[in-house]
Amino acid sequence: MGGLLELVGLRRTFGSLTALDDLSFTVPAGHVVGFLGPNGAGKTTTMRAIFGLTDLDAGTVRWNGVPLGQPERRRFGYMPEERGLYPGMLVGEQLEYLGRLHGMSGADAAAATRTWLERLDIAERAQSKVEALSHGNQQRVQLAAALLHGPELLVLDEPLAGLDPAGVDAIGQVLLDQAGAGCCVLFSSHQLDLVEDLCEQVTIIDHGRVVVSGTVDELASSGPRRLVVRVEGGRAAAWARSLPGVTVSEVAAGAARLVLDDAVDSDRVLRAAMQAGRVTEFSFQRRRLSEVFREALG
Amino acid sequence: MTAAIVIVVGAVVLALRIWMRGRRRRGQVPSPEGARPPRRGSFGDSFGDVGLVALREIRERVRGRIFRVGTVIILLVVAGAIVIPVIHGGKAGPQEVGVVGPADPALQPLIQQAGARVGTSVRLVPEPSVRAAADALRSGAIDLAVVDGDRVVVNAPVTSDSTSTVATVAQEVAVELGIEHAYREAGLSGSQVAQLAHARPVPVQSLQPSTKGTARTTSVIGLILVFLMLTQYNTWILMGVMQEKASRVVEVLLATVRPIQLLGGKVLGIGLVAMGQAAIIVVFALVLAKAVGSDLLHGTAPLVLASELVWLFLGYAFYCWVYAAAGSMAERQDQVQTLALPLSLPIIVGYVLALTTAATGNPSVLFEVLAYLPPTAPFAMPVLVGLGDVAWWQFGASVLISIAGTVAMALVAAGVYRRAVLRSGQQVRVRELFSRPAAKRRGTAGVPG
């Protein structure tokens with residue numbers, strides 16, 4: 001398994017609204033790519049464009065350098081934002097049906113259905129109607145539908161929304177395993193901490209354009225330095241607010257998270273902290289993904 | 001008709017065999033996890049996807065309670081339509097005819113022959129007076145009375161349109177008595193009158209079988225069934241497409257199959273269920289009619305029945321696309337209802353006019369025109385066949401027009417479906433769908449996100 005998804009110059013307008021504006025990025029094999037952006041940024045339209053579910057005014061979507069067609073899309077897995085299963089159909093039959101639509105034989109679809117239902121801990125619900133399942137279990141069935149044909153590319157729109165921690169862990173592990181097996185995984189989420197844990201690469205879009213793209217390591221280590229300083233008695237971090245070139249981005253549990261301009265000497269920050277009280281913590285930290293996101297969107 | 005039944009039954013059997021094979025294969029030993037699934041060829045892809053969608057529709061519909069209960073109800077109605085006339089015909093007892101006045105040996109054979117001529121037996125009951133006969137008529141003890149050999153008295157008025165047994169016997173007896181009087185006034189002897197009374201009409205040979213009334217009855221029953229089935233299956237299509245859109249499953253499906261494959265599979269699957277149900281009803285009707293000795297399927301009636309089947313097929317083929325396109329434009333029950341009413345108007349108009357025409361037996365010019373228009377031909381043309389008012393080439397021309405209309409409708413519907421089924425939110429309007437150029441690929445309009 002392996003491949004490269006390329007989105008090149010995608011443009012899509014809805015009347016006066018520009019949903020995608022010359023959008024370009026890639027999803028390499030074996031990577032989990034987080035696809036981030038505020039509401040209305042164009043994430044869902046982008047994912048729909050990959051599956052030919054929306055018209056494009058310009059641009060192409062390529063798989064291994066070739067424009068996408070139905071044979072390629074048949075080998076992809078898709079989990080749309082608003083989900084989509086037949087409410088009155090049995091879980092097992094529904095998954096087998098979807099597997100066969102992806103080109104599997106009846107026997108293979110049945111075997112894969114059993115495998116994935118067991119893997120996602122819902123094997124006992126195979127004979128239940130989808131509408132009888134909880135939200136979390138319906139989400140698991142939806143994920144199984146995207147996975148059971150062994151996709152080369154997995155596109156998931158908000159797969160973690162509304163899940164309990166156990167569900168997030170289970171689905172997160174599945175995504176990592178898929179990437180480990182060589183699958184391209186692209187998923188969108190507003191849960192940035194989870195994205196930071198799961199993804200090796202992140203693409204952030206806004207107004208239909210890519211504003212930041214790179215590996216999580218690159219993005220976390222780039223930008224201004226972050227200092228976390230804990231001073232006894234200085235819970236409001238008043239001592240830091242008057243320092244030139246220093247911005248207090250957050251004060252939590254007595255620790256101040258400071259953003260330092262390039263010219264600021266960290267020793268001067270340490271001295272100011274010591275003058276304010278006893279310093280119990282003083283450490284440089286990487287940029288969080290939430291900070292990358294906020295700073296990218298201004 | 002036999003050929004049509006064989007084709008329909010064959011299609012259903014083939015579909016079931018494919019389905020059963022699929023079930024057997026699912027029961028085989030599974031392949032190891034991670035093994036790449038075998039891929040079909042490009043032709044297999046296209047045909048296979050439509051077939052898979054169709055098989056799902058067949059399985060879900062046949063499994064549903066609505067189908068099973070509906071089929072049983074239709075079979076009961078058909079059974080009633082076949083059996084009740086037979087039972088009713090068998091129970092028609094002899095007509096009691098009161099006779100007032102002096103005994104006349106020529107009167108009895110005359111009245112009995114009149115009864116025989118309208119297909120019923122007659123028993124004469126002497127009545128002492130006109131008053132007694134009137135009382136017997138009112139009480140129902142006798143059905144009609146002949147007074148002094150020159151008057152016929154009945155309880156309820158008899159007109160030329162009356163079709164009851166009493167009325168027809170009374171009219172026949174009246175005619176016979178009138179003739180008998182005329183003979184006597186002409187000076188014929190009693191034996192001559194008796195001889196003339198035994199006169200039988202020479203046979204009238206027609207080029208077509210003489211069961212027009214039976215064929216008309218069969219066409220009415222067929223009309224009702226075509227109306228019920230078209231309404232039912234159109235509703236399935238409408239609701240099925242709407243529900244796929246509302247549940248968003250269509251987005252998952254269209255990520256792997258083309259819109260025309262999904263739509264084609266749906267109309268094919270529901271169509272096979274429709275034809276299968278029609279085949280069950282026809283076979284049931286044939287067997288039952290044979291068993292009870294019904295004449296509903298004698299003469300030209302089988303031809304009418306075959307025509308009904310042809311037009312059920314053509315009617316479904318035309319309307320399924322209309323309703324599928326409509327379903328793709330709605331995603332809520334109230335939206336569906338606003339769409340369903342205007343769509344059902346041509347069906348209702350065609351059905352009502354067809355029933356009226358079948359009853360009167362006099363097709364209007366408008367009705368004959370409707371028999372060539374695809375939306376109303378499924379109702380109008382079988383009635384014309386039942387009335388014997390249509391030549392084979394006229395039937396063929398209507399079929400060809402209907403097929404052409406269906407192809408045109410399928411193209412329009414596929415375009416509407418492709419553009420509308422992924423649009424969520426408000427009900428989609430047709431002019432919105434065609435306000436921008438068609439998709440460059442197979443894509444459909446979506447919403448920003």
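Visitor: Which residues in helix 1 of chain A are buried?
Guide: This is a predicted model, where local features need pLDDT of at least 70, side-chain atom pairs count only at pLDDT 80 or more, and totals for chains, interfaces and linings use all residues. Residues are numbered from 1 along each chain as its sequence is written, while chains are lettered from A and ligands numbered from 1 in the order in which they are written. A residue is buried if 20 or more other C-beta atoms lie within 10 Å of its own, exposed if 12 or fewer, and partly exposed in between, with C-beta atoms placed from the backbone. In helix 1 of chain A, the buried residues are A:K43, A:T44, A:T45, A:T46, A:M47, A:R48, A:A49 and A:I50.

Visitor: How many of the residues of that helix 1 of chain A are buried?
Guide: Helices (H or I, at least four residues) and strands (E, at least two) are DSSP runs, numbered from the N terminus. Helix 1 of chain A spans residues 43-50 and is largely enclosed by the rest of the structure, because its buried count is eight of the eight.

Visitor: Is A:F51 buried or exposed?
Guide: A:F51 sits in the loop between helix 1 and strand 4 (58-63) of chain A. With 20 other C-beta atoms within 10 Å, A:F51 is buried.

Visitor: Leaving aside neighbours within four places in sequence, which residues is A:F51 in contact with?
Guide: Two residues are in contact if their C-beta atoms, placed from the backbone, lie within 7 Å. Beyond its neighbours within four places in sequence, A:F51 is in contact with A:R73, A:Y78 and B:A255.

Visitor: Over in chain B, which strands stand at the edges of the open sheet?
Guide: The sheet has four strands in the order 2-1-3-4, with mixed pairing; two strands pair if DSSP finds at least two bridges between them. An edge strand has a single partner strand, so one side is left without a neighbour in the sheet, and that goes for strand 2 (122-127) and strand 4 (151-154) of chain B.

Visitor: In strand 3 of chain B, what is the bridge partner of B:V99?
Guide: Strand 1 (residues 95-100) and strand 3 (residues 144-147) of chain B run parallel, joined by four bridges. The bridge partner of B:V99 in strand 3 of chain B is B:V146.

Visitor: Helix 6 of chain B runs at about what angle to strand 4 of chain B?
Guide: Axes are lines fitted to C-alpha atoms, for helices over the stretch in contact, and angles run from 0 to 180 degrees between N-to-C directions. Helix 6 (residues 165-185) of chain B lies across strand 1, strand 2, strand 3 and strand 4 of that chain, and its angle to strand 4 is about 170°.
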